[in-house]
Amino acid sequence: MRGEAFLIRYADDFVMVFSNEMDARKVEEVLPKRLGRFGLAVHPEKTRLIRFLPPDGGSGGSGHPRLSFDLLGFTHYWG
């Protein structure tokens, strides 16, 4: 990893957070192969890469940041 990264687990679901977009894209590419070794799969409807930055906009980069996202019936906001 070139930047910070961490994982938040909710039972059999999880959120992976990256400070570096290239790190996120690399993990997005290799994660299905890694999980496949254990008979697991990435759920295509529940898996996505989003830009989620503080309301002040954070650092620059491609795409527009989202102000919230939904996960497991909850809407998550920067607080």
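Residues are numbered from 1 along each chain as its sequence is written. Because the model is predicted, local features need pLDDT of at least 70 and side-chain atom pairs count only at pLDDT 80 or more, whereas totals for chains, interfaces and linings use all residues.

The protein chain contains 1 helix and 4 strands, taken as DSSP runs numbered from the N terminus (helices H or I, at least four residues; strands E, at least two). From the N terminus on, these elements follow the order β-β-α-β-β. E1 and E2 run antiparallel and are joined by 6 bridges; strands pair if DSSP finds at least two bridges between them. Isoleucine 8 has valine 15 in E2 as its bridge partner. The two strands E1 and E2 form a hairpin with 2 residues between them, and alanine 11 in the turn has a positive phi of about 55°.

Of the 79 residues of the protein chain, 11% count as buried (under 20% relative accessible area, with a 1.4 Å probe and protein chains only).

The largest pocket has a volume of about 1600 Å³. A pocket is an open set of points on a 1 Å grid over the protein atoms alone, where a 1.4 Å probe fits, with protein on both sides within 12 Å along at least five of seven lines; lining residues have an atom within 4 Å of a point. The volume is the space filled by probe spheres set on the points, which are joined across faces, edges and corners. Of the 46 lining residues, Val15, Met16, Val17, Phe18 and Arg48 are the closest to the centre of the largest pocket. H1 supplies the largest share of this lining, 8 residues.

Key
Side-chain values use heavy atoms; hydrogens and water are left out. Buried means under 20% relative accessible area, exposed over 50%, partly exposed in between (1.4 Å probe, protein chains only).
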